[in-house]
Structure formats: C-alpha cells, structure tokens
Amino acid sequence: MKRSMAEIWNLQRAQEIIARHKAQEGPMLPILHELQDRFGSIGEEAIRLVAQSLNITRAEVYGVVSFYHDFRQAPAGRHVLKICRAEACQSMGGEDYAAALLHSLGLEWGQTTKDGRLTIEPVYCLGLCACAPNAMLDGQPRARLDATTLQALAGEAV
C-alpha cells in the first residue's frame with residue numbers, strides 16, 4: 001500500500017489548520033499531526049508558524065517535534081518501514097536484523113534511500129510482542145520476521 005503524496009508547503013492552508021485547532025486545550029499536538037498529514041513533515045517553516053501562532057518559542061515546538069517519533073522534519077520516502085525496537089523484538093534478534101538491513105541500504109535510522117523509495121524509522125512497540133520481531137510497512141503490520149524476511153519486506157517497497 002503506497003502512502004498518499006503530501007502537498008507542498010502552503011502557508012494559507014497551514015494557517016487554516018492552526019486556526020481550526022488553536023482554541024482547543026493543548027492545541028500543539030493536533031496542529032502538528034494535521035500539518036504533517038497534510039505536508040508530509042514538520043519543517044522549519046511549520047515550526048516557526050506554530051510557535052508564533054501559539055505564542056511559544058520555536059524551541060518548545062522543536063522539542064515536541066523531536067521528542068515524538070511519529071513527527072519528521074523532512075518528508076518520508078514513498079514507503080515507510082517502521083521497525084520495532086522494543087524489548088520483545090530485541091530479545092528475538094530484531095536489532096541485529098534491523099542493523100543488517102540499514103547497513104545493506106547504507107542508511108541510519110530515520111533516513112530515506114537516495115531514490116526516495118523507502119524511509120526506515122524506529123518504533124518502540126507495535127503491540128505484536130508475541131509475534132516478535134515485527135515491523136510495519138506503510139501501516140500494515142508484519143510479524144515473526146528474520147533477516148531474510150525483513151530484507152524482503154524492504155524490497156516490497158517498490
């Protein structure tokens with residue numbers, strides 16, 4: 001399943017998103033989620049606009065964006081492979097399998113292949129602990145992975 005393409009940054013649409021959530025109690029997370037859903041990432045322009053609109057510092061917004069693993073500051077590839085790094089998956093070899101995959105692709109966590117095809121992201125539990133190690137490709141969970149099946153899963157992202 002291919003991810004839908006994000007729109008290019010549009011200040012007016014971003015301001016509409018912020019206005020829609022601004023009156024809520026604790027509006028920052030809903031704003032950031034919708035901005036990322038719309039534009040694919042939370043770039044510097046978005047951080048600056050959210051900070052200004054909520055009358056907080058850019059550092060506060062950046063702190064939230066960098067703390068939560070679902071937010072990204074650069075657009076993801078056409079496909080996103082989230083690999084679980086929680087204890088159950090670690091105990092079943094998931095860290096070694098992930099390291100081998102990252103090495104084979106020449107990537108670090110959170111990076112995208114040069115062709116823009118695949119982004120590899122860490123997650124810290126997909127709730128499939130009994131079927132460890134596991135991952136999720138474009139929102140579809142995959143369980144009981146090993147080095148070969150994880151490589152194959154990355155290869156599905158074409």
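Predicted model: local features only at pLDDT ≥ 70, side-chain atom pairs only at ≥ 80, totals over all residues.
- His79, Leu81 and Ile83 point one way from β1. Val80, Lys82 and Cys84 point the other way. Both sets are buried.
- On strand β2 (residues 118-123), β1 finds a parallel partner, with 6 bridges between them.
- One of these pairings involves His79, whose bridge partner in β2 is Leu118.
- Strand β3 (residues 135-137) runs antiparallel to β1, and 3 bridges join the two.

**Helices α2 and α4**

- Two packed helices are described by the angle between their axes and the distance between the axes.
- Here, helix α2 (residues 28-39) packs against helix α4 (residues 58-67) at about 65°, and their axes lie 11 Å apart.
- Angles of 65 to 115 degrees count as roughly perpendicular, so α2 is roughly perpendicular to α4.
- The crossing of α2 past α4 is right-handed.
- From α2, the contact uses Met28, Leu29 and Leu32. From α4, it uses Glu60, Val61, Val64 and Val65.
- Sorted by class, this contact has 6 nonpolar residues, no polar ones and 1 charged residue.

Note on methods:
Residues numbered from 1 in each chain as written. Heavy atoms only, no water. Axes fitted to C-alpha atoms, helices over the stretch in contact; angles between N-to-C directions. Helix = DSSP H or I, 4+ residues; strand = E, 2+ residues; numbered from the N terminus. Parallel < 35°, antiparallel > 145°, perpendicular 65-115°, else oblique. Left-handed = near helix turned anticlockwise from the far one by under 90°. Contact = heavy atoms within 4.5 Å. Nonpolar A, V, L, I, M, F, W, Y, C, P; charged D, E, K, R; others polar. Buried < 20%, exposed > 50% of the residue type's maximum accessible area, 1.4 Å probe, protein only. Pairing = 2+ DSSP bridges.
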